[in-house]
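User: Hi! Could you walk me through this one, taking the surface, the charged pairs and the pockets in turn?

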Amino acid sequence: MPGPAMPAWGILPVTLPAFTITGMWIVYAMALSNNHICPVHNWNYNQSCGVDGPGSCCTLDHIPLVSKCGTLPPESCFFSLICSLGSFMVILVGLLRYAHVLERVGPSLLNTLGLATGWLCAAGLTMVGNFQVDHAKVLHYIGAGVAFPTSMLFVFLQSVLTYRMAKTRGHYWTGHLRSILTAVAFITLVFSGVFFIQESFVLQHVAALCEWMFIIDVLVFYGTFTFEFGAISTDTFLVLLKASRAPKSYKGESSLPGTACIHGAEGLAMV
């Protein structure tokens, strides 16, 4: 008899992008109002500025990268808070997604890798939020170097798992949606990385826009888990609890026990 359903968990994947995206734009608005960055629609930059703020003069230091928006107080305090709470929700979503896949298809290497990449992304996001780029550049870039690639790998693995688990037309449409979001994430991540290292003001501004698009796209991807999380029940947590106590055994390894028994029988026969 199946355990009682827990549909309230379906709210978590929607809460993550709603909270984080809203919080990021609030941080952007605070940085803009304090003249710490230039608006995203600005395309005119100068080599240097005098005493004027970025409201009338913009340099590379004022490009509205996500990290730049949360560099200086008071917006840096909110940026750290949003990244820390967002990391916690990413950990929860990753764990519940792992449990859901485990309940449906059993142990899977792809599922384990998905959990690992999700948690590594959360760790990198925590570093990004708590080590501002202008004050702890090395640690900030290490966090970004962990968070961005692992989040890209996470959405890719989850798209593959969605197709492997698909049984109905709705499941396949969910897979198509996630594949589109994964493709957009990959394109914007590549463009962001390539343009970020250029000296052109215009290209670095494009890098900032691509960075915003990548983050929003990945967060929307997380929101699509609400389709599956509404079906989570107590059985899902029981399967997770049992898996944590049992040794890992993936589908390519199921023949090993039988092989061991055969060798054991041959040894007894020889004796």
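**Surface, salt bridges and pockets**

Analyst: Happy to. Phe-191 is partly exposed, with a relative accessible area of 41% (partly exposed lies between buried, under 20% relative accessible area, and exposed, over 50%, using a 1.4 Å probe and protein chains only). This is a predicted model, where local features need pLDDT of at least 70 and side-chain atom pairs count only at pLDDT 80 or more, while totals for chains, interfaces and linings use all residues. Residues are numbered from 1 along each chain as its sequence is written, and side-chain values use heavy atoms, with hydrogens and water left out.

User: Good to know. Where is Phe-191 found?

Analyst: Phe-191 is in helix 6 (helices are DSSP runs of H or I with at least four residues, numbered from the N terminus).

User: And which residues form the nonpolar patch on the surface?

Analyst: The patch consists of Phe-186, Ile-187, Val-190, Phe-191 and Val-194, and together they have about 430 Å² of accessible area. Patch residues have over 30% relative accessible area and no salt bridge; nonpolar side chains (Val, Leu, Ile, Met, Phe, Trp, Tyr) are joined within 5 Å, and like charges within 9 Å. The areas come from the Shrake-Rupley method with a 1.4 Å probe, and for residues only the protein chains shown count as cover.

User: Switching topic: how many salt bridges does the structure hold?

Analyst: There are 4 salt bridges, each being a side-chain nitrogen of Lys or Arg within 4 Å of a carboxyl oxygen of Asp or Glu. In one of them, Lys-68 meets Asp-134 at 3.0 Å, N to O. Lys-68 lies in helix 2 and Asp-134 in the loop between helix 4 and helix 5, so the pair ties together parts that are 66 residues apart in sequence.

User: Is Lys-68 buried or exposed? And what about Asp-134?

Analyst: Lys-68 is buried, at a relative accessible area of 16%, whereas Asp-134 is partly exposed at 42%.

User: Which residues does one network of salt bridges join?

Analyst: Glu-228 forms a salt bridge with Arg-178, their closest N and O atoms being 2.7 Å apart. That pair links distant parts of the chain, with Glu-228 in helix 8 and Arg-178 in helix 6, 50 residues apart. Shared partners join Arg-97, Arg-178 and Glu-228 into one network. The side chains of Glu-228 and Arg-97 meet at 3.6 Å, N to O, and this pair spans 131 residues, from helix 8 to Arg-97 in helix 3.

User: On to the pockets. What lines the largest pocket?

Analyst: Its lining has 39 residues, with Ser-67, His-140, Ala-144, Phe-148 and Glu-211 nearest the centre. A pocket is an open set of points on a 1 Å grid over the protein atoms alone, where a 1.4 Å probe fits, with protein on both sides within 12 Å along at least five of seven lines; lining residues have an atom within 4 Å of a point. Helix 5 gives the most to this lining, with 9 residues.

User: How much space lies in the second largest pocket?

Analyst: About 270 Å³, a volume being the space filled by probe spheres set on the points, which are joined across faces, edges and corners. The second largest pocket is lined by 15 residues, and Glu-228 is among those nearest its centre, along with His-100, Arg-104, Met-165 and His-171. Helix 3 gives the most to that lining, with 4 residues.

Terms used
Helices (H or I, at least four residues) and strands (E, at least two) are DSSP runs, numbered from the N terminus.
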